[in-house]
Amino acid sequence: MHIVVLGGGYSGLLAARLAGRHSNAKVTLINASDRFVERVRLHQLSSGQQLRDLPLAGFLDGSGVDLIVDQAIAIDAEKQTIRLRHAEEPVHYDVLIYALGSRADLDSVPGAAEHAHSLADADGAARLREQVGHSGTVAVVGGGLTGIEAAAELAESRPELKVRMVTGGRFGAALSDRGRCHLRRTFTRLGIEVSDQVQVREVRADGLVLAEGEHVPADIVVWATGFRVPTLAREAGFAVDGNGRMIVDATLRSVSHPEVYAVGDAAAARRPDGQELRMACATGLPSAAGAATALTDRLAGRTPKPLRFRYYAQCISLGRRDGLIQFVRADDSPLEAVLTGRLAALYKETIVRSALTAERHPALAKLVS
Ligand SMILES: Cc1cc2nc3c(=O)[nH]c(=O)nc-3n(C[C@H](O)[C@H](O)[C@H](O)COP(=O)(O)OP(=O)(O)OC[C@H]3O[C@@H](n4cnc5c(N)ncnc54)[C@H](O)[C@@H]3O)c2cc1C
């Protein structure tokens, strides 16, 4: 029995470690890089902070999980093999855990791929760090959590920059009134201008063109409008939704291929009430734990239980000294309860660290997911 985990980010690394721990199968983790990327800190990297170097091998020592560092370029669903860019022979799997994560959505608007920077992967965030000068205007496009964290981090670490957020929706729409109020106050304190309910039509070397034709000058454009998933699952013929995320059942198993599981951003997982889980580390860890448990239950002849999962909070960093913890109902809708300021920054930092702790000590995964 060979379990192959494709993708060594938050969800894949945890799934590999748990599958290795709870089964007698041979487990192989395939990842494009030999480093673990703390994606939830990439806005810190892009604004000039140093992130810890985290070799993947360090997480796997003594775990019995083999690591292959290579890029998967195709999956043959019939032969149950994965073709790698730098290997002659494909890798065969009996069970596949698909955890390829997501990347920036740079194709939705003309010029974004050529002129905008993304924070969605380490290379993009590092390039942005090199490009951001000590003066000039940065336009952050996208008012979701990633855009908010990026704008706040840049404005706090580089006060000489003029930071502007441009977003299609209402600013802070997913937050409670109290949450939105704190966000506005913080953005005002950091000098971040917000243009909301405007659509960007084009990105150019000198800034943005809005739907009405208005030109918004910017030296740097940061693209944070959402994530896209890799196309390998769709190309392999696995059942995927309109966004290319693998459709899975309540045990995270592919609805079209029972030997395949999907976790993290690349999976279209749902709660029992049908609600689709959002792309987040907060989803990736529990989905990885759920898939590994379901898989090892099946291998041991037990009937797996469906994923039990609810959200408790959206944790937003607003630079290093401020934050916003927006507590939510089980369906992710905001309550009026929020935590703000330094305590919120500390809370968020604790959550980010505990995600890494779960990767190192998978027995603790249940506590943080
Ligand atoms: C700036 C930023 C801030 C964020 N903040 C938060 C937050 O505060 N809270 C939160 O819950 N979420 C946050 N997120 C989202 C969170 O990072 C993702 O939801 C999470 O990383 C998803 O985990 P994953 O395991 O599915 O994918 P990833 O962590 O992206 O891992 C995917 C892995 O697959 C590898 N891979 C991809 N393609 C291939 C291939 N073809 N072959 C081999 N390997 C491949 C990649 O190298 C990577 O290691 C943030 C994201 C960003 C960018």
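Predicted model: local features only at pLDDT ≥ 70, side-chain atom pairs only at ≥ 80, totals over all residues.

Trainee: Is Ser 23 buried or exposed?

Mentor: A residue is called buried when its relative accessible area is under 20%. Ser 23 has a relative accessibility of 14% and therefore counts as buried.

Trainee: Which backbone atoms does the side chain of Ser 23 reach?

Mentor: A polar contact is a pair of N or O atoms within 3.5 Å. A polar atom of the Ser 23 side chain lies 2.8 Å from the backbone oxygen of Ala 19. The Ser 23 side chain also reaches the backbone nitrogen of Ala 25, at 3.3 Å.

Trainee: How many salt bridges does the model contain?

Mentor: The criterion is a side-chain nitrogen of Lys or Arg within 4 Å of a carboxyl oxygen of Asp or Glu. By this rule there are 25 salt bridges. One of them joins Lys 26 to Asp 66, with 3.0 Å between the closest N and O atoms. This pair links distant parts of the chain, as Lys 26 belongs to strand E2 (residues 26-31) and Asp 66 to strand E3 (residues 65-69), 40 residues apart. Lys 26 is partly exposed, at 45% relative accessible area, and Asp 66 is likewise partly exposed, at 35%.

Trainee: What does the salt bridge between Lys 162 and Glu 193 tie together?

Mentor: The closest N and O atoms of Lys 162 and Glu 193 are 2.6 Å apart. Lys 162 is partly exposed, with a relative accessible area of 36%, and Glu 193 is partly exposed with a value of 36%.

Trainee: Where do Asp 332 and Arg 278 lie?

Mentor: Their side chains meet in a salt bridge at 2.7 Å, N to O. Asp 332 is in the loop between strand E22 (323-328) and strand E23 (334-340), whereas Arg 278 is in the loop between strand E20 (267-268) and H9, 54 residues apart. Asp 332 counts as buried, at 13% relative accessibility, but Arg 278 is partly exposed, at 23%. Elsewhere, salt bridges with shared partners join Glu 38, Arg 41, Glu 153, Arg 320, Glu 349 and Arg 353 into one network.

Trainee: How is the length of helix H10 to be read?

Mentor: One compares its span with the length expected at 1.5 Å a residue. Helix H10 (residues 341-360) has 20 residues and reaches 29 Å from first to last C-alpha, close to the expected 28 Å. Its buried residues include Lys 348, Glu 349 and Glu 359.

Trainee: Which residues are closest to the ligand?

Mentor: The ligand is surrounded by 29 residues, the closest being Ser 11, Asn 31, Arg 39, Asp 265 and Lys 348. The shell comprises 14 nonpolar, ten polar and five charged residues. Taken alone, the ligand exposes 1,000 Å², of which the protein buries 87%.

Terms used
Residues numbered from 1 in each chain as written. Heavy atoms only, no water. Near = heavy atom within 4 Å. Areas by Shrake-Rupley, 256 points an atom, 1.4 Å probe, with all protein chains shown as cover. Nonpolar A, V, L, I, M, F, W, Y, C, P; charged D, E, K, R; others polar. Helix = DSSP H or I, 4+ residues; strand = E, 2+ residues; numbered from the N terminus. Expected span 1.5 Å × (residues − 1). Buried < 20%, exposed > 50% of the residue type's maximum accessible area, 1.4 Å probe, protein only. Polar contact = N/O pair within 3.5 Å; in protein donor to acceptor, adjacent residues only side chain to side chain.
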